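This report covers charged pairs and a surface patch. The sequence and model come first.

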Amino acid sequence: MYRFLLTPRWWGINVFAVLAIPLCLFMGSWQLSRFEDRVDSHQQQEDRSARAKTAAARPLADLLPVDTVTSGRQASARGHYDTAHQLLVPGRTLKDRHGGQQGFYVLNLLRTDSGKALPVVRGWLPGDAGAKADTARVPAPPKGEVTVTGALQASENQGTDGVRAGGGLPQGQLGMISAASLVNIVPYEVHDAWITLTDAQAPLHAVPPAVAEGSGLDLKAFQNLGYTGEWFVFAGFVVFMWFRLFRRDAEAAKDAALGIVPEGDGGGAGDVSQGKGAAGERGAGRGEAQGADQGDGPGEAQGADQGEGRGEGRGEAARAGKA
């Protein structure tokens, strides 16, 4: 009954199922492992951030270049602020327990002894970076040589929240904190990193460090989880379709073995013969009716005429004899 499994059609179906199911399971497991790696990386980053808050600050040169391990670590640098190039970074939101409030960062460049300048976010203020009333509250940076301590951060890119990479900002504003954006503003080299001060000068608010890119539970992590479910669903769909096709062909083979003809097979010829028989019966009926009408009508008319003529002739002969 299952000989249909040896047909070329079923050979193709079986080969496809045998290859597709393991592939879907492998891809789903791989996507799941990617999600688990991101969860572990996020947990490790949180642990490092918690330790960095209490750990002693290290010199900036010991923590460069910035990576997932050094991001968020407390770094210290010594130099003097470039007061001629104070910049405001608009459109930045400071999140707290009450939600988020729109404002701007206050950024100054610290000229270090190494010759390169270090971008330092001194703090955050609510309001509009283009409004004089809001920018008037920005305190002037300290003069002379200072030592700054803050959380080390990697340069921002176009995918960072709040970044305005399109340009078109007024003079004195910066859309993205990166060496590539600052190189056209200042006449000296800039470190490919920045720090956010732990202790902000009033009325500025300290900007909390952001997690390293690729180490948090961001949209990409949940995309991996979604892809995991999709691959497993594909594997189940292949099994379902194989079983459905198998059951259909098995039922058809069983019916054929019992001599059961599916509906629609041979029904057209029977209908045609029945139609021809019915047409023949209708034609025979019409012929009999026409024959009866044609035979009875003239005979009856001729007999009636002959009888009436004979009766009239006999009556006239009797009347003549009496006379």
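## A charged network

R248 is partly exposed, at a relative accessible area of 47%, whereas D249 is buried at 14%; buried means under 20% relative accessible area, exposed over 50%, and partly exposed in between (1.4 Å probe, protein chains only). The side chains of R248 and D249 form a salt bridge at 3.5 Å, N to O. Salt bridges with shared partners join R9, R248 and D249 into one network. The term salt bridge denotes a side-chain nitrogen of Lys or Arg within 4 Å of a carboxyl oxygen of Asp or Glu.

The model is predicted: local features need pLDDT of at least 70, side-chain atom pairs count only at pLDDT 80 or more, and totals for chains, interfaces and linings use all residues. Residues are numbered from 1 along each chain as its sequence is written, and side-chain values use heavy atoms, leaving out hydrogens and water.

## Other salt bridges

The structure holds 4 salt bridges. One of them pairs R78 with E145 at 3.4 Å, N to O. This pair links distant parts of the chain, 67 residues apart: R78 is in strand β2 (residues 74-81) and E145 in strand β6 (residues 145-154). Strands are DSSP runs of E with at least two residues, and helices are runs of H or I with at least four, numbered from the N terminus. R78 is partly exposed at 43%, and E145 is partly exposed at 47%.

E156 and R92 also form a salt bridge, with the closest N and O atoms 2.9 Å apart. Both E156 and R92 are buried.
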